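Me: Could you walk me through this structure, one question at a time? Let's have a look at it first.

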Amino acid sequence: MEFQNKNILVIGAGISGFAATKVTKKFGANVTLSDAKNESDLKYNFEELREVGINLKFGAQNEELLNGVDLIIVSPAVPLRIPILQAALKKNIPVISEVELAYDLAQSPICAITGTNGKTTTTTLLGLLLETGYKKVGVGGNIGVALSEVALETGAGGAIAAEISSYQMEATNNFKPHISAILNITPDHLKRHGNMQVYQAMKEKIFAQETADDFLILNYDDDLVREIKSRAACKVVYFSRKKILDEGAYLDGKKLVINYGGKIFELCTTDELGIKGSHNVENALCAALAAFLMNCTAENISRVLRAFTGVEHRIEFVREIDGVKYYNDSKATNTDSAIKALETFDGRIILIAGGDDKLTDLTDFLKLVNERVDILILVGDAAARFKADALKNNFPAEKILEAGYSMQKAVELAKSVAHSPQVVLLSPACASFDMYDNFEERGKDFKRIVNRF
């Protein structure tokens, strides 16, 4: 894509917006960054953009913004349905996402990971696996580092591991990874997409442009994911925790195995695997298969699987106080992810849950809460609904504590009731935006409070 002297409009500040403005400016474009919020309401320092000649427009976004614009790059938090983007599309102004910009810039193959849960762990692990076979490896996307900057830094001759969300896929047309993977699909982000059909369609765009020379990795154990094969033009390879496959990656007893090209490669056992929990077995199988298809050796894959212990904010051990272990699972922003965290422990859990309510069904989540949670501590906007549904599902009222909008109070309540061998688990099953800017900020606050005791 040629950017020299083009007029580029970037919609939405933030990590992706900043990256898109700086990257396109570097290639000679005339760039304007627009955000519907006032500058004073945004927690970013825009001086570095002003210094390099980026035009900044804050507040109301009217159609005058589109005058002379050749291309619009939209941040993932901004839906295509907003009026300014709909007006642009009517004027036939191309609208792309920042990850599509990254694809246009990339000189190394992209391995793209999506799914409702497990993306960050799988992508991080895949990056480490790729480092065993490539001198230059980039890791970015929805993981907190803009993919366009990663693509430029990696250059040619390397490999890129990309975490991709449904938001990022909404404004893509030509995004084409060499390897794509879909971990699972469960209800999430329905406020943004409207229904499950649209949400799944956004996920499936990740492989839409792939050809017979490319690979799509699918979770055989997920009914919605398994049948996607019929819509793929590329080579499909499965992974499974529950079934021994004729081809792919799977669990054979306790052994993680890859069966490909008529050969079987044993990687490690679940006891040797550095990340724990059945969901992490799936993440490891997917990442290992992707690395294998990128020509990393089974021996090196095995070594990394043993050494990798997980990512921040995902069932992250914080510390032990008076025999009680505290775990930060702030990344559990939906019920399915929180269920996986609850399944990791045998029970005796003091659970801190709640936050910005996604209004997803709580039945399966509360069934497991009944089985494994001793005390349920609720915070944020979702507290009232979670409490009402917990009571309907026969969770004892005396075992529900409320902390309002205070993580400090929630942790103090947990400490006051917890005793060995119980564990305290922050696994909110909700987004964070009612109390924090993101789940990372929420997790860091939880850890700060725990570490101050």
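**A pocket and a sheet**

Me: Which helices each supply at least two residues of the lining of the second largest pocket, and which gives the largest share?

Reply: In this predicted model, helix 11 (278-293), helix 13 (335-344) and helix 14 (363-372) each supply at least two lining residues. Helices (H or I, at least four residues) and strands (E, at least two) are DSSP runs numbered from the N terminus. A pocket is an open set of points on a 1 Å grid over the protein atoms alone where a 1.4 Å probe fits, with protein on both sides within 12 Å along at least five of seven lines, and lining residues have an atom within 4 Å of a point. The largest share, five residues, comes from helix 13.

Me: How many residues line that pocket, and which lie nearest its centre?

Reply: Linings use all residues, while local features need pLDDT of at least 70 and side-chain atom pairs 80 or more. Residues are numbered from 1 along each chain, and side-chain values use heavy atoms, without hydrogens or water. The second largest pocket is lined by 23 residues, and nearest its centre lie Thr 186, Asp 336, Ile 339, Lys 340 and Asp 364.

Me: Happy to move on! Which strands are at the edges of the six-stranded open sheet?

Reply: The sheet has mixed pairing (at least two DSSP bridges between two strands) and the order 15-16-20-17-18-19. Each edge strand pairs on one side only, and these are strand 15 (316-321) and strand 19 (400-402).
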